[in-house]
Amino acid sequence: MIEKFFDTCIYASRWLLAPLYLGLSLILLAVLVKFFQDVWLLYSHLLEMPERDLILHILGMVDLVLISGLALMVMFSGYENFVSRLEVGESEREKLSWLGKMDADSLKAKLATSIVAISSIHLLRVFMNASNTPDDKIMWYVIVHLTFVLSAVGMALQDRLLGRSKKSDSVIIQ
């Protein structure tokens with residue numbers, strides 16, 4: 001009876017994550033405000049803005065969009081994997097194709113890919129502004145970016161190896 005009580009409490013504690021996922025939607029709202037603030041700033045200075053600054057500004061906005069997509073992925077798949085299935089009543093045409101299909105491993109792979117993409121854009125912004133950035137700082141940006149890339153490649157290799165070993169285990173079991 002005590003074990004059943006603890007099992008129920010532990011299982012119900014997953015709902016403590018729900019406010020965190022709701023908080024991610026509020027973060028999306030903050031990014032939305034910042035994005036349109038950047039759009040306003042871009043258009044208010046567009047005619048006197050040099051091309052390089054325009055590109056840097058656009059890269060920053062793309063960075064915000066990628067970060068928003070990352071937060072959305074974590075919010076939806078995390079909620080579905082750890083709290084409860086999303087029952088939003090959308091038609092099959094409107095439903096996100098990956099919703100309900102992304103397990104923790106595929107979320108990890110998508111997160112790693114997104115982080116590398118965000119880091120790439122940030123590194124491109126640094127290179128575009130290289131004349132105003134000290135060389136040692138550029139070196140550290142490159143090192144951090146390569147760390148993200150190597151981590152993503154390492155996770156992909158690990159998943160591939162584990163995926164093959166799971167397949168070979170299932171063949172042996174059959």
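These are my notebook entries on what I looked up in a predicted model of one protein chain.

**Entry 1: overall build**

I began with the secondary structure, and I found five helices and zero strands in the protein chain. Reading from the N terminus on, I wrote the order down as α-α-α-α-α. I then looked up how much of the chain is covered, and of its 174 residues 22% count as buried. The chain exposes about 12600 Å², and carbon and sulfur atoms supply 69% of that area. For contacts between residues at least 6 apart in sequence, I noted that 69% join residues at least 24 apart.

**Entry 2: confidence**

Before going into detail I checked the pLDDT, which averages 83 over the protein chain, with 85% of the residues scoring at least 70. Where is confidence lowest, and where is it highest? It is lowest in helix α5, residues 135–173, at a mean of 77, and highest in helix α2, residues 18–44, at 93.

**Entry 3: the nonpolar core**

Next I asked which residues make up the largest nonpolar core. It has seven residues, namely Ala 18, Tyr 21, Leu 24, Ala 71, Met 75, Tyr 79 and Val 83. Helix α2 and helix α3, the latter covering 51–82, each supply at least two residues of this core.

I then followed Tyr 79 on its own, and found it buried, with a relative accessible area of 18%, which falls under the 20% limit for that label. Leaving aside residues up to four places away in sequence, Tyr 79 touches Trp 15, Ala 18, Tyr 21, Val 74, Ser 84, Arg 85 and Leu 86.

**Entry 4: aromatic rings**

The structure holds four aromatic pairs. In one of them, the rings of Trp 15 and Tyr 79 have centres 6.3 Å apart and planes at 75°, so I recorded the pair as edge-to-face. This pair links distant parts of the chain, because Trp 15 sits in the loop between α1 (2–12) and α2 while Tyr 79 belongs to helix α3, 64 residues apart. Trp 15 is partly exposed, at a relative accessible area of 39%, whereas Tyr 79 is buried. Together with Tyr 21, these two residues form one aromatic cluster.

I also looked up Phe 35 and Phe 36, which form an edge-to-face pair with 5.4 Å from centre to centre and 85° between the planes. Phe 35 counts as partly exposed, at 22% relative accessibility.

**Entry 5: salt bridges**

Side chains of opposite charge can pair when their charged atoms come close. How many salt bridges does a search of the whole structure find? It finds two.

One joins the side chains of Asp 38 and Lys 34, at 3.9 Å from N to O. Because these residues are four apart in helix α2, about one helical turn separates them. Asp 38 counts as buried at 12% relative accessibility, while Lys 34 is partly exposed with a relative accessible area of 39%.

Arg 52 forms a salt bridge with Asp 53, and their closest N and O atoms are 3.7 Å apart. Here I noted that Arg 52 is partly exposed, with a relative accessible area of 33%, and that Asp 53 is partly exposed too, with a value of 31%.

Terms used
Residues numbered from 1 in each chain as written. Predicted model: local features only at pLDDT ≥ 70, side-chain atom pairs only at ≥ 80, totals over all residues. Heavy atoms only, no water. Buried < 20%, exposed > 50% of the residue type's maximum accessible area, 1.4 Å probe, protein only. Contact = heavy atoms within 4.5 Å. Areas by Shrake-Rupley, 256 points an atom, 1.4 Å probe, with all protein chains shown as cover. pLDDT = per-residue confidence, 0-100. Core = buried A, V, L, I, M, F, W, Y, C linked by side-chain atoms within 4.5 Å. Salt bridge = Lys/Arg side-chain N within 4 Å of Asp/Glu carboxyl O. Phe/Tyr/Trp six-rings, centres within 6.5 Å; stacked < 30°, edge-to-face > 60°.
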